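I opened this entry to record what I looked up, beginning with a single helix and moving on to the chain contact and the core.

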Amino acid sequence: MNDISLYLLDLAQNSYEAHASEIKIIIEENEIKKKLIIKIEDNGDGISKQDLKNVINPFFSTKHKEIGLGLSLFSDLCQLCDGKMEITSTRGTSIETKKTIITGYMNLDSINLLDFGKIEDTIISLILMNPNVDLYYSHTIIKRLIKDDNKSSNMNPKYSFVLDCKQIKRILKDIPIQDYKVLQWLKKYIKNGIEKMKEGL
Amino acid sequence: MKSLAELEKIRNEEKKKMNLRDIKHGYQIVVGMGTCGINAGARDVLMAIVDEVDKKDLRDVTVTISGCIGECEYEPVVKVIDTKGKEFIYGKVTAETGKKIVDEHVMNNKVVQDMLLEKYKG
């Protein structure tokens, strides 16, 4: 797949299909440590200990089909970028104890690293998959501080963009989040927010 | 600069429009978004369809996505379900032809015959 936003679109669908009611996509770019961390966390049905061994196999799927490429491709991407993918899954009986986390670690300097692409299109697509699910997107960049000899500050600037669909739904009240005018606005809000974050604003 | 205050405005505008019409159960458009679909460009097709549905103000039309339906060679695949529940599956859909499906089939009940999956399969 051409960019990271498409991998996120693919992987987050697993969370929807696992009946998650909350899905969090958390991205951290650490320019000092040169590390990129991508986390997809959900409160869905989870992955059994037995299946955990098999899920990165492209010829394994729990969805009644013979091929399951999403995790396999993401794992490959992480490795190509001098990193790795980890999966943890807790399958409790109550919603509070259920948590599945897919974490991808990558090196920001890797020549194989892909662009992020249109995150806004991915988020709109996921909302349309099931508007009742609460999606949360957080993207943080920790920038290298440009040293100024006159300053003794050792704080590294951190810039974030957060989209919390729960908050959006509170503002919308009885208007559905999948209303087309709302979705068009959300697209611009996300695109704008991420651009501002990358510019350090 | 996009702010949440703008969202409140949109909310109020949409609320006014909702009171004016009855929302009937309309057409459903389902875009395949499995790994094969994503790789074939299905997300752009979805965005084009949403843009067209919004532009033509089709408030009773539902757009959603689904996983792989097993027609990977013909991705991007779009399923249209009409008001009687009849399903039509289109194959090799592009952003341009996705708009055509909205304008001709969904708005005017004219099936786009040469784009049906069964036509590609011959």
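I started with H1(A), where 12 of the 14 residues are buried, so this helix is largely enclosed by the rest of the structure; buried means that 20 or more other C-beta atoms, placed from the backbone, lie within 10 Å of the residue's own, and helices are DSSP runs (H or I, at least four residues) numbered from the N terminus. The model is predicted, with local features needing pLDDT of at least 70 and side-chain atom pairs counting only at pLDDT 80 or more, while totals for chains, interfaces and linings use all residues. Residues are numbered from 1 along each chain as its sequence is written, and chains are lettered from A and ligands numbered from 1 in the order in which they are written.

I listed the buried residues of H1(A), among them Tyr7(A), Asp10(A) and Asn14(A). Just after H1(A), I noted that His19(A) takes a positive phi of about 65°.

Next I checked the contact between the chains, which takes 30 residues from chain A and 24 residues from chain B, two residues being in contact if their C-beta atoms, placed from the backbone, lie within 7 Å. On the side of chain A that touches chain B, H6(A) provides the largest share, 10 residues.

Last I looked at the largest nonpolar core, which has 75 residues; such a core is a set of buried Ala, Val, Leu, Ile, Met, Phe, Trp, Tyr and Cys residues joined through C-beta atoms within 7 Å. Helix H3 of chain B (residues 42-55) gives the most to this core, with 8 residues.

Key. Helices (H or I, at least four residues) and strands (E, at least two) are DSSP runs, numbered from the N terminus.
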